[in-house]
Amino acid sequence: MIYPIVKFGNPVLEKAAEKVSVFDEELKKLIADMFESMYAAKGIGLAAPQIGIPRRIAVIDVTFKEDPNAKLVLINPEIIHKEGRHSQSEGCLSIPEFRENVSRAQVATVRAQDMNGNLFEKTGDDLLARAFQHETDHLNGKLYLSHISAIKRDLIKRKIRKMVKAGEW
Ligand code: NI
């Protein structure tokens with residue numbers, strides 16, 4: 001099932017999501033639906049709040065279907081180590097049509113559970129490190145807008161308000 005993507009302005013995106021404690025068939029179905037929804041929206045990462053579900057679940061595929069082994073499920077993720085800085089253009093499915101340079105750690109290690117509840121750690125660099133940080137932020141109610149300057153943030157918010165008024169958001 002493909003869920004519509006929740007856009008900036010919906011309060012679900014700015015609240016911390018709830019910890020997952022039950023690892024059942026319903027969770028596996030939700031994860032499959034999240035991958036389907038992410039691919040349909042042409043994304044490489046999706047957090048559950050972005051489909052209106054405030055639970056600590058994120059899916060990532062930085063290869064966008066090229067490598068089946070690149071599919072990653074992060075449940076209750078935490079960034080446990082960060083190294084270096086790297087600034088790169090970043091977007092978000094919930095803030096379509098906008099991109100900004102965002103400075104993030106170049107290397108990041110995430111500790112998370114898989115869909116069966118098993119704990120694992122994974123280290124990524126560049127785009128994968130960025131995805132770990134971006135998606136974990138989502139689960140803490142944080143968007144990339146909080147990592148850019150207030151001037152740029154206000155400009156984007158103003159443009160979005162105009163689009164809302166015009167019925168284009
Ligand atoms: Ni996002």
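**View 1. Lys 29 and Asp 33 pair up along helix H1.** In this predicted model, a salt bridge joins the side chains of Lys 29 and Asp 33, with 2.8 Å from N to O. Both residues belong to helix H1, and because they sit four residues apart there, about one helical turn separates them. What about their surroundings? Lys 29 is partly exposed, at 45% relative accessibility, whereas Asp 33 is buried, at 5%.

**View 2. Glu 26 reaches from helix H1 to Arg 55.** Here the side chains of Glu 26 and Arg 55 form a salt bridge, at 3.4 Å from N to O. Glu 26 is part of helix H1 and Arg 55 is part of the loop between E1 and E2, so this pair ties together parts of the chain that are 29 residues apart in sequence. Glu 26 counts as partly exposed, with 44% relative accessibility. Arg 55 is partly exposed too, with a relative accessible area of 21%.

View 3. The side chains of Arg 104 and Asp 137 meet in a salt bridge of 3.1 Å, N to O. Arg 104 comes from strand E5 (residues 100-104) and Asp 137 from helix H2, so to speak two distant parts of the chain, 33 residues apart. Arg 104 is buried, with a relative accessible area of 3%, and Asp 137 is buried as well, at 13% relative accessibility. Look around this pair and you'll find a network: salt bridges with shared partners join Glu 90, Arg 104, Arg 130 and Asp 137. Across the whole structure, a search finds seven salt bridges.

**View 4. Three side chains hold the nickel ion.** Which residues coordinate the nickel ion? They are Cys 92, through its SG atom, and His 134 and His 138, each through NE2, at 2.0 to 2.3 Å. Along the sequence, these donor residues follow the spacing C-x41-H-x3-H. The two histidines, His 134 and His 138, both come from helix H2 (residues 126-139), where they are four residues apart, or about one turn of the helix. Are they buried or exposed? His 134 is buried, with a relative accessible area of 8%, and His 138 is buried, with 1%.

View 5. You'll find Gln 50 in the loop between E1 and E2. Gln 50 is buried, with a relative accessible area of 1%. Setting aside its neighbours within four places in sequence, Gln 50 is in contact with several residues, including Cys 92 and His 138, both of which coordinate the nickel ion. Also among the contacts of Gln 50 are Pro 4, Ile 5, Val 6, Leu 13 and Glu 135.

**View 6. Five strands make an open sheet.** Follow the strands across and you get the order E1-E2-E3-E6-E7, with antiparallel pairing. At the edges are strand E1 (45-47) and strand E7 (119-125), each pairing on one side only. From one strand to the next, the twist averages 35°. Zooming in on E1 and E2, three bridges join this antiparallel pair. Leu 46 has Val 59, in E2, as its bridge partner.

View 7. Helix H2 lies across E1, E2, E3, strand E6 (107-113) and E7, and runs at about 125° to E7.

View 8. The largest nonpolar core has 17 residues, and Ile 31, Met 34, Ile 57 and Val 59 have the most contacts inside it. Helix H1 (25-40), strand E2 (57-60) and strand E3 (72-83) each supply at least two residues of this core. H1 gives the most, with seven residues. A second, separate core has 15 residues, among them Leu 13, Ile 95, Leu 143 and Tyr 144.

**View 9. Ile 57 and its contacts.** Which residues does Ile 57 touch, leaving aside its neighbours within four places in sequence? Among them are Leu 27, Leu 30, Ile 31 and Met 34, along with Leu 46, Ala 47 and Ala 48. Further along the sequence, Leu 74, Ile 75 and Leu 139 are in contact with Ile 57 too. Val 20 is another of its contacts.

Technical notes
Residues numbered from 1 in each chain as written. Predicted model: local features only at pLDDT ≥ 70, side-chain atom pairs only at ≥ 80, totals over all residues. Heavy atoms only, no water. Core = buried A, V, L, I, M, F, W, Y, C linked by side-chain atoms within 4.5 Å. Buried < 20%, exposed > 50% of the residue type's maximum accessible area, 1.4 Å probe, protein only. Contact = heavy atoms within 4.5 Å. Donors = N, O, S within 2.8 Å, 3.2 Å for Na, K, Ca; no water. Pairing = 2+ DSSP bridges. Axes fitted to C-alpha atoms, helices over the stretch in contact; angles between N-to-C directions. Salt bridge = Lys/Arg side-chain N within 4 Å of Asp/Glu carboxyl O.
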